[in-house]
Amino acid sequence: MATFHHHHHYNHQHHHHPPSTDLRRLFHRLTIASSLSILCFSLVYFFTGCCESELTENSEIRSPTSEFLVSGAGWPYERNGTSVTKESVTAAGESAFGSDHSGLEANSSGKEWTATRRLPQALIIGVKKGGTRALLEFLRLHPDIRALGSEPHFFDRHYARGLDWYRSMMPKALDGQIVMEKTPRYFVTVETPARVHAMSKDVKLIVVVRDPVTRAISDYTQIISKTPNIPAFESLAFKNRSTGQIDSLWSPLWIGLYAQHMERWLAWFPRNQIHLVSGERLISDPAGELGKVQDFLGLQRIVTDKHFYFNKTKGFPCLKKPEGSSKPHCLGKTKGRTHASINPEVIQRLRDFYKPHNQRFYQMAGQDFGWQ
């Protein structure tokens with residue numbers, strides 16, 4: 001009887017604490033917990049990933065709409081207020097769509113935005129010290145312009161890298177936006193017109209020109225700031241000081257032979273594909289010059305005089321509110337700096353030297369820039 005009771009007790013115990021059931025239950029709980037945590041994590045990752053990629057893509061995209069609701073989340077996000085370069089697109093933004101893909105995404109209305117890297121449809125090809133940086137910064141205020149901030153020097157220095165490399169340098173743009181870059185050296189480089197034409201025979205070309213004498217002095221001023229020990233302007237400008245023979249091959253003077261350079265471009269492109277901007281008027285009437293450039297690019301005149309104010313100290317127009325900032329913005333210290341002082345007699349010699357070249361250029365341009 002005792003043995004039976006003992007056996008019964010054992011069974012009773014066995015009923016209450018079977019180790020395998022406990023393990024199974026524990027394992028079951030763990031499985032549920034881990035599944036739930038994976039599910040939660042996935043949801044969080046999915047939502048943040050989505051929003052983040054949408055934000056990053058959109059920070060690259062500037063379109064006329066200034067407010068954009070991120071799908072489902074209802075966050076107002078200012079799309080136009082940033083000038084994000086391609087380097088700062090986060091990994092999430094790139095990986096969500098694959099860096100090689102065109103960045104397809106859907107917004108709340110289900111409409112797809114496609115931002116892609118394209119070859120430029122417009123180039124600011126010159127001239128150095130003419131006002132190309134100012135023009136580029138002013139144009140970047142336009143929501144339909146996507147411009148590369150740095151000078152890629154593709155057609156003059158890096159042509160061997162190929163068009164795919166060049167395209168990869170460009171900012172992403174939507175259909176209808178104009179992609180552009182500026183490299184002032186293009187205007188004077190002999191091989192460039194043919195190379196640009198090989199990329200696109202329809203590309204729009206913009207040249208900012210300025211009185212070649214003041215341009216040369218500005219150029220020389222920049223050279224001294226970088227290499228202080230170079231000879232005086234006069235000794236570089238003349239082959240022979242006593243005969244007054246000018247060294248037209250000295251880069252600061254050679255760049256100002258606009259007619260000579262323009263001729264090379266006109267051998268490849270029709271005159272109506274080249275727009276000339278007056279560097280002087282870009283300072284005295286920025287909105288007027290910008291209006292003509294926007295017309296030339298086939299864009300609505302969005303950048304107007306309300307974007308500028310004149311800075312008396314610099315003697316330069318500044319932007320009231322550049323993209324991505326609420327503060328006014330003037331161009332850097334190197335812009336509008338005081339020129340090296342040059343002997344007035346030398347200046348007169350240079351004016352005489354440039355006169356026939358300027359006249360020839362005015363005829364090609366179909367306009368008189370009124371240089372002395």
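This report describes salt bridges in a predicted model.

## Basis of the model

The model is predicted, so that local features need pLDDT of at least 70 and side-chain atom pairs count only at pLDDT 80 or more, while totals for chains, interfaces and linings use all residues. Residues are numbered from 1 along each chain as its sequence is written, and side-chain values use heavy atoms, with hydrogens and water left out.

The structure contains twelve salt bridges (a side-chain nitrogen of Lys or Arg within 4 Å of a carboxyl oxygen of Asp or Glu). One of them pairs D219 with K128, whose closest N and O atoms are 2.9 Å apart. Because D219 belongs to helix α7 (residues 212–226) and K128 to the loop between β6 (122–126) and α4 (132–139), this pair ties together parts 91 residues apart in sequence. Helices (H or I, at least four residues) and strands (E, at least two) are DSSP runs, numbered from the N terminus.

D219 is buried at 0% relative accessibility, whereas K128 is partly exposed at 29%. Buried denotes under 20% relative accessible area, exposed over 50%, and partly exposed the range in between (1.4 Å probe, protein chains only).

A further salt bridge joins R351 and D211 (3.1 Å, N to O). R351 lies in helix α13 (residues 344–365) and D211 in the loop between β10 (204–209) and α7, 140 residues apart. Both R351 and D211 are buried. Salt bridges with shared partners also connect K128, R215 and D219 into one network.

R167 and D164 form a salt bridge at 2.8 Å, N to O. Both residues lie in helix α5 (residues 162–169), three residues apart, about one turn of the helix. R167 is partly exposed, at 30% relative accessible area, and D164 is exposed, at 59%.
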